[in-house]
Amino acid sequence: MHQLKISKIWRRALVVVILKPEKPLGDPKSYRPISLLCVPFKILYRLIYARVETLTDPLLPKEQAGFQHGRSVVHQVTLLTQDIEDSFSAKKKAGSVFVDLTAAYDTVWHRGLICKLLRLLPDRHMVHMIMEMISNRSFTLTTGNGQRLRFCTPALNKKAI
C-alpha cells in the first residue's frame, strides 16, 4: 500500500494572539488566538471537505450548526427561541444543553473517528489522508513580547487504518 505523507510544514500553524477589547493584559482568557495555516494545507482541506460534505451533511442533526454549510450561531439561537416559544404555547417545559467543543480536533477519540469514517467514506485512502491532516500537527505561539512557544498534537497510529 502506498504511504501517504503530508509535509510537516503543511501541518504547522502560526498562532497569533489578539487582545480582546477592554480586557486585562495579564489574563490569558483576554486573548483571542488566530491560527494562520499554510495555504497548500487549506486548499487540501477544502478539496477533501468538498468531497465528503455531501456524505456527511444528511447525517448531521438540524440542531447542529458546526461543520454545516450556511449554518451559524444565528441559526442555533433562532431554533432555540422557536423551541421555547412552542413549549410556552403548548404549556410545556423547555430545556437545553450547551456543549463546549473547544479544541475538538485535539481531543477527539482518533480510533473512534477512524471507524466512523471507514463506515461512511468508500475510499480508505481518503480516511488515511484526513487522519494524517488532523494528527501530528504543530503550533507556534508568538506572544506580545516576542517569545515563541511550540506545541504538538499526538502522532497518528498507522496500524489503526
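These legends walk through the whole chain and then several close-up views of a predicted model.

The model is predicted, so local features need pLDDT of at least 70 and side-chain atom pairs count only at pLDDT 80 or more, while totals for chains, interfaces and linings use all residues. Residues are numbered from 1 along each chain as its sequence is written, and side-chain values use heavy atoms, with hydrogens and water left out.

**Figure 1. The protein chain holds five helices and four strands.** Read from the N terminus, the elements follow the order β-β-α-α-α-α-α-β-β. Helices (H or I, at least four residues) and strands (E, at least two) are DSSP runs, numbered from the N terminus. Of the 161 residues in the protein chain, 22% are buried. Here buried means under 20% relative accessible area, exposed means over 50%, and partly exposed lies in between (1.4 Å probe, protein chains only). The protein chain exposes about 12300 Å², and carbon and sulfur atoms supply 62% of that area. Accessible areas come from the Shrake-Rupley method with a 1.4 Å probe; for residues, only the protein chains shown count as cover. Among contacts between residues at least 6 apart in sequence, 45% join residues at least 24 apart; a contact means heavy atoms within 4.5 Å.

**Figure 2. The largest nonpolar core has 15 residues.** Which elements give two or more residues to this core? They are α1 (39-56), α4 (110-120) and α5 (124-134), and α5 provides the largest share, six residues. A nonpolar core is a set of buried Ala, Val, Leu, Ile, Met, Phe, Trp, Tyr and Cys residues joined through side-chain atoms within 4.5 Å. Leu-121 and Ile-130 have the most contacts inside the core. Beyond its neighbours within four places in sequence, Ile-130 is in contact with Ile-48, Val-52, Leu-117 and Leu-121. As a general background, nonpolar side chains in soluble globular proteins tend to be buried together.

**Figure 3. Glu-132 and Arg-11 form a salt bridge.** This is a view of the one salt bridge in the structure, with the closest N and O atoms 3.6 Å apart. The pair links distant parts of the chain, with Glu-132 in helix α5 and Arg-11 in the segment before β1, 121 residues apart. A salt bridge is a side-chain nitrogen of Lys or Arg within 4 Å of a carboxyl oxygen of Asp or Glu. Are the two partners buried or exposed? Glu-132 counts as buried because its relative accessibility is 2%, and Arg-11 is buried too, with a relative accessible area of 6%.

**Figure 4. Tyr-45 and Tyr-49 form a stacked aromatic pair.** The ring centres are 6.1 Å apart, with 15° between the planes. Rings of Phe, Tyr and Trp (its six-membered ring) pair if their centres lie within 6.5 Å; planes under 30 degrees apart count as stacked, over 60 as edge-to-face and the rest as tilted. By this rule the count comes to one aromatic pair. Because Tyr-45 and Tyr-49 are four residues apart in helix α1, they are separated by about one helical turn. Tyr-45 counts as partly exposed at 37% relative accessibility, and Tyr-49 counts as partly exposed at 24%.

**Figure 5. Val-16, Ile-18, Ile-34 and Leu-36 make a nonpolar surface patch.** The patch covers about 300 Å². The elements giving it two or more residues are β1 (12-19) and β2 (31-36). Patches are made of residues with over 30% relative accessible area and no salt bridge: like charges are joined within 9 Å, nonpolar side chains (Val, Leu, Ile, Met, Phe, Trp, Tyr) within 5 Å. Leu-36 is found in strand β2 and counts as partly exposed because its relative accessibility is 43%.

**Figure 6. Phe-139 and Thr-140 have their places in strand β3.** The strand spans residues 138-142. Phe-139 counts as buried at 16% relative accessibility, and Thr-140 is buried with a relative accessible area of 12%. What does Thr-140 touch, not counting residues up to four places away in sequence? The answer is Ala-13, Leu-14, Val-15, Arg-148, Leu-149 and Arg-150. The C-alpha atoms of Phe-139 and Leu-149, ten residues apart along the chain, are separated by 8.1 Å.
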